[in-house]
Structure formats: C-alpha cells, structure tokens
Amino acid sequence: MTVYLGNAGNIELKRDSGDVIAGTIAPTNINIDLDMFSFNFSSGAFVTGDFVEFSSTSTLSFVSGYAYAKGNWFVSVDQLGGLRLYPTYSDALTGTSNNRVALATPGTAIAVNCKILNSVPRVLGQVVKFELSTDREAVDTTGLGDEFRNQYSTLITGSGSIDCIFDYAAAGQTEIAVYLHNLLLRQKFGSDFKANLYILTEGQAHGVNAGNDSVWYEISGVMTQAAISCAADDIISSTFTFVTTGEIKLRVQTTTWGDLVLNSAGDRMVLSTADADILELGEEL
C-alpha cells in the first residue's frame, strides 16, 4: 500500500458561461486615443482576462480594420469599467498599450451580443486545500409486507470548497483568488466555471508507470459562496464553496498521449500503445 501527500494536487480552472448579454456600442462610447470603449452593461459583468465573443448583425466596425461580424478577444477592465481588447491572456492581465487592439469610431451605434467563451484551463495559484464531496440520493422502494427496507439509487450531486491565499495581481498564465471573488458577484453571466481537481499529477504517483500517472476529477460547477479572512497576525486567505452541475468524472491516467499511436483498422480508428498493451476503439468514421 502507498500513502500519498496532498502537496501533489492542484486545480486547473476554466472560465465558462453559457449566458449571452446584449448591448449597444455608440460612437460616443469609444475613445480611440486610449483604445477603450464601454456600453450599457452592468458593472462587474466582465473580469480582466475573460475571453469574450462579440457578434453583431453588421460589421464590428468599432475595431480598426476589422471587417467581420464576429470576433473573439481577451478583455482588460479598468477601474471605471472601460474595456480594452487584447489578443492574449497575458497581455490583457498586463493592460499596457503593447499589443492592444486598435479601435475606430463607427458611423452609427452597433448592437452587439457578448458571450464568455470556454478558455484554456489555467492553474489556480496559491491553493492551500480543496475538497470535493459526491453524494447519491436514494429512494425508498419498500413495499407493504416487506421485512427489510429496499432502496433505489437515483441522482448524483457534488459539492466542495477551495481554500487559497488571497492575491489580486495575476501574472503569466495563472488564475488567482480575486477572480473567484469577482465570479460570485457577477449578475449577468452568473458564476459558472469548469475545473480539473488534481489529486495526483505526473511524476508524483507510485504505479507501474508512475512517471505518467495522474488522478483528477473533472467538474462543471457554480460558485455559491466566497469568504475572505483578514487577521492582523495571519495571512489574508480566501475560501470558496461550490456545487457541481452535470456529470462528475473521475479520471485516472496511466499512459500519456505521447505514448499512444493512432492508426487505422478498416473503417475504425485504433488508439494503442507502442507495445500493444492498450487498445481503444474510437467512433466509426
């Protein structure tokens, strides 16, 4: 038997929202000198680093040189709620003039729909602890005359918590606690997120092929509570609670994708290891 320590765990967080908000960008809402704009959305609707899809029935002419009706950019939100567009996540976090998307003044107001797209998973920084609990409801099916109680398993639910050190200045490709605080306060897009909760990562396990082993839960969730602790004699910490929505998947990886070989077998695709220990038949082509 092997004992594992929790220092091998981490959380990969993916920003997500299925909601769409609509607004109108007027020529007076655009400052081309600062490449900044705003429109009639509520405060806190966007958070710096969101990957936002803008779409319209006409051309997105508020973006300089852009001739399409749909476009995706990372947004940077200033203290007054103004938006600036950037091509990358790290540029949006920095918020400088470098690589900022240039704006133009449109001839008329533009009606736009905005949606936060599924971005790539990013490691949540300074996590101290996380918990995930899965529960399955049971329905009593005991009938008259039965001597023993009968139960039937039904729906699965999940809930959990995340404890981390508070931080507000993101850098590189990581997520930080302040994003989760903002996530809970959103009114229009809601507090949906997706996450991979890693119990073990590659190089930490002790199996037959321990260097490639990973164990994690894959969830979609809704943030339900955010708490912050600020004491004079301790570090500032954040605690978040959530409930899951949809399927909960427990993943166990003992072979990396680099060890797999993709080849055809008649009208199907076969995914196998080089030594043919594992065979997985995919969908028919």
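I looked up the burial of Glu175 and Arg15 and found both residues buried, where buried means under 20% relative accessible area, exposed over 50% and partly exposed in between, with a 1.4 Å probe and protein chains only. This is a predicted model, in which local features need pLDDT of at least 70, side-chain atom pairs count only at pLDDT 80 or more, and totals for chains, interfaces and linings use all residues. Residues are numbered from 1 along each chain as its sequence is written, and side-chain values use heavy atoms, with hydrogens and water left out.

I then checked the pairing and noted that the side chains of Glu175 and Arg15 form a salt bridge at 2.8 Å, N to O, the term requiring a side-chain nitrogen of Lys or Arg within 4 Å of a carboxyl oxygen of Asp or Glu. Because Glu175 sits in the loop between strand E11 (151-165) and helix H2 (177-185) while Arg15 belongs to strand E1 (residues 10-15), the pair ties together parts 160 residues apart in sequence; helices (H or I, at least four residues) and strands (E, at least two) are DSSP runs numbered from the N terminus. I also recorded that Arg15, Asp50 and Glu175 are linked in a salt-bridge network.

For another pair, I noted a salt bridge between Asp140 and Arg149, with the closest N and O atoms 2.3 Å apart; Asp140 is partly exposed at a relative accessible area of 37%, whereas Arg149 is exposed at 61%.

Searching the whole structure, I found seven salt bridges.
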